[in-house]
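Please read the following points with the structure open beside the text.

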Amino acid sequence: MATGIQDEKLGTEPIGRLIIHLALPSVAAQLINVLYNMVDRMYIGHIPGEGALALTGLGVSLPIIMLISAFSAFVGMGGAPLASIELGKGNREGAERILGNGVTLLFCFSLCLTIGFSLFKTPLLYMFGASVNTISYGEEYLKVYLLGTIFVQASLGLNPFISSQGYAKIAMGSVLIGAVLNIILDPVFIFFFHMGVKGAALATITAQAVSAFWILRFLVSKKSGICIRKKYLKPDPKVLSHISSLGISPFIMQSTESFISIVLNSQLQKYGGDLHVGALTILQSVMQLVVIPVQGISQGIQPIISYNYGAGNRERIEKTFQIMTGVICTVTTLSCLFALLFPAMFAKIFTKDEELIMLVSDVLPIFLSGIWIFGAQMSCQTTFMGLGQAKISLFIALLRKVFLLIPLAYILPLFLQVRGIYFAEPLADITAAIFCILLFLANFKKILGKASMEK
């Protein structure tokens, strides 16, 4: 079965022009998407009289929100590259089978997550670093947010299937619609209707619902190169196994991010108290501003690698990797420098509390001091994902967060007290990036060689 005109461009259009065409909308989509998280924090942090505590309460609920997103990534980042590879082979039916099974899997995840977290949210929040002063804010936010889990799963989990076909602008549009709506509804619900953190959650799930509808409408239309079809919604063990083998890596990347938040929150609560937990919420938000453009570039470029891997075009893969690495490393370094030079400016975006601003200004340069090398790691990891190398991607995902950051967060405070927790992040970043680069240099040529790819 022949591929469509749009996805054929992944194998024929000049690499530089193609990267601009796909990466820029993807970066814009990622930057817009981060507003879903940040706008809530910005408005909540400025609630008169209780902003700092409310922001901390939202911070301890973030591990649950991250975990919900991780299940979306399991399907989206696990299934979309496989669908793109099938399109490269000219197998549109196989790509649609992957999409259909992904839809079913997302629905099952949504049902289980909504019920499970609704039943156990209070003990989980205490486990994640909540105190008697902040628990009510976390409970109020999650009580509403969990009702929209199905919309979050659909919007985050299915959008990669649009960008994997080369429709980067349409994928960006789905995120843009939701983000703009969230920005508009947040102040209305939080301040005008005096709903506080519940209003922030309601604005978010309403925006995600609209975004999900946009995505589903496209994926059932004739405009989409691959469509959701009823006959492919029935679970196929073989397809689910393939999605799982590749999706486990991004799932672990995001779910361990949740676990890391739990560890850091609890350690900061132990050594520093509520103020440091609130500071971490701001630090993680600033880190997202640095990392998100890199993720947008990599996600925009990954379909080029996957498609040409399926099409057997080794030269285009190597050229794509070279350009991607140069762009990502430049963006990461410049973004990192900007964040390090103006820490107080970033703190004031999220809070008016002077004590919190001073703390963030002090620890932000430490926390982000290793992020400059993250670009090299992301470039290598994106290429492994695009080539369908699940085991290597899984190892890289585990290395930085599970094997390095979590142990360091427990060990360093024994010697440096609360500041040791902030130093754990850059040490993990630098060490993991070096290992990732070495792993890539040792395996990239072998992977392409074993596939017997032709120019």
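1. A residue is called buried when its relative accessible area is under 20%, exposed when it is over 50%, and partly exposed in between, computed with a 1.4 Å probe on protein chains only. The model is predicted: local features need pLDDT of at least 70, and side-chain atom pairs count only at pLDDT 80 or more, whereas totals for chains, interfaces and linings use all residues. Residues are numbered from 1 along each chain as its sequence is written, and side-chain values use heavy atoms, with hydrogens and water left out.

2. A nonpolar core is a set of buried Ala, Val, Leu, Ile, Met, Phe, Trp, Tyr and Cys residues joined through side-chain atoms within 4.5 Å. The largest such core has 135 residues, and Phe 161, Leu 368 and Tyr 422 have the most contacts inside it. Helix α3 (residues 51-89) supplies the largest share of this core, 17 residues. Helices here are DSSP runs of H or I with at least four residues, numbered from the N terminus.

3. Contact means heavy atoms within 4.5 Å. Apart from neighbours within four places in sequence, Tyr 422 is in contact with Leu 268, His 276, Ala 279, Leu 283, Val 363, Ile 366 and Phe 367.

4. Most residues other than glycine have a negative phi. His 194, which is not a glycine, has a positive phi of about 55°. His 194 lies in the loop between α7 (168-192) and α8 (196-219), and it is exposed, with 68% relative accessibility. Gln 417 also has a positive phi, near 60°; Gln 417 lies in the loop between α16 (413-416) and α17 (418-450) and is partly exposed at 46%.

5. The structure holds seven salt bridges, each being a side-chain nitrogen of Lys or Arg within 4 Å of a carboxyl oxygen of Asp or Glu. One of them joins Glu 93 and Arg 97 (3.5 Å, N to O). Both residues lie in helix α4 (residues 92-127), four residues apart, about one turn of the helix. Glu 93 is partly exposed at 38%, and Arg 97 is partly exposed at 27%.

6. Glu 96 and Arg 229 also meet in a salt bridge (2.7 Å, N to O). Because Glu 96 lies in helix α4 and Arg 229 in the loop between α8 and α9 (237-271), the pair ties together parts that are 133 residues apart in sequence. Glu 96 is buried at 6%, whereas Arg 229 is partly exposed at 37%.

7. Where does the salt bridge between Arg 400 and Glu 425 lie, among buried or exposed residues? Both Arg 400 and Glu 425 are buried. Their closest N and O atoms are 2.4 Å apart. Salt bridges that share partners join Arg 400, Glu 425 and Asp 429 into one network.

Key: Helix = DSSP H or I, 4+ residues; strand = E, 2+ residues; numbered from the N terminus.
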